[in-house]
Amino acid sequence: MQGALERKDMQAELGLRVVKDNGIEGLGIEGYASLFGKRDQGGDVVQKGAYAASLKRLAAGGRAVKMLWQHDPAQPIGIWDEVREDATGLWVKGRLLTEVEKGREAAALLAAGAIDGLSIGYRTVRAERDGKGQRLLQELELWEVSLVTFPMLPEARVAAKGDELDAASWRSVVEVLNRATEAIAGRI
């Protein structure tokens, strides 16, 4: 449906990575939120350049793509510091804000491998159908990129891993986040 807000969930086959950077607040993540030329379960294929005009308008207006939890506009969980198109797709780099309850939960779930998907929230500006019944998305107005449980491209893989953290370190991070959540909730 052209004009309505839509979503595309995927597991980026080139990987959603957790990055350690002492120069930023929050837990750094990066990966592809959308891949060009890849057919999703809904029969849609995002074409190269589909995000260019939207990203340009956002930058000109001093606005940014939002990072949400499961597409819920009432649950922002971080900041996308960089959103750009390259030859592969829509690449994002940002920070989960662990000062926010859902941000802490998302970080723990990501570290444990319980979530591994990215999803775009957008409005179709221009699309056409090809002879195979696929909708070729030529121009999209990008609103948000969410961390999600169920991606639209199930054959793609996400590697949620720390650049320098081993399994024991991840368990320690999850334990700290769980204690912080309990403390905030007044259970300690």
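A polar contact of 2.4 Å links the side chains of H71 and E144; such a contact is a pair of N or O atoms within 3.5 Å, and within protein one must be able to donate a hydrogen and the other to accept it, with residues adjacent in sequence counting only if both atoms are side-chain atoms. This is a predicted model, in which local features need pLDDT of at least 70 and side-chain atom pairs count only at pLDDT 80 or more, while totals for chains, interfaces and linings use all residues. Numbering runs from 1 along each chain as its sequence is written, and side-chain values use heavy atoms, with hydrogens and water left out.

**The loop around H71**

H71 sits in the loop between β5 (66–69) and β6 (72–85). Helices (H or I, at least four residues) and strands (E, at least two) are DSSP runs, numbered from the N terminus. Q70 belongs to the loop between β5 and β6 too. Is H71 buried or exposed? It counts as buried because its relative accessibility is 8%, whereas Q70, at 31%, is partly exposed. The cut-offs are under 20% relative accessible area for buried and over 50% for exposed, with partly exposed in between (1.4 Å probe, protein chains only).

A few backbones here have positive phi:

| Residue | Phi |
|---|---|
| G62 | near 70° |
| Q70 | about 55° |
| H71 | about 70° |
| G133 | near 85° |

G62 follows α1, while G133 is in the hairpin of β8 and β9, with 5 residues between the strands.

**The β8–β9 pair**

Strands β8 (residues 117–129) and β9 (residues 135–148) run antiparallel and are joined by 12 bridges; two strands pair if DSSP finds at least two bridges between them. R123 has E141 in β9 as its bridge partner.

**Helix α1**

Which residues are buried in α1 (residues 52–60)? They are S54, L55 and L58. Down the axis of α1, its buried residues fall within an arc of 95°, so they line one face of the helix; the arc is taken from the directions from the helix axis to the C-beta atoms. K56 and A60 are exposed, on the face turned away from that buried side. The cover over the buried residues of α1 includes β6, β7 (89–96) and β9.

**W80 in β6**

W80 is in strand β6 and, at 5% relative accessibility, counts as buried. Leaving aside residues up to four places away in sequence, W80 touches I29, V65, K66, M67, V92, K93, G94, L118 and V145, where contact means heavy atoms within 4.5 Å. A polar atom of the W80 side chain lies 3.4 Å from the backbone oxygen of K66, and one lies 3.1 Å from the backbone oxygen of V145. W80 and V145 are 65 residues apart along the chain, yet their C-alpha atoms are separated by 8.4 Å.
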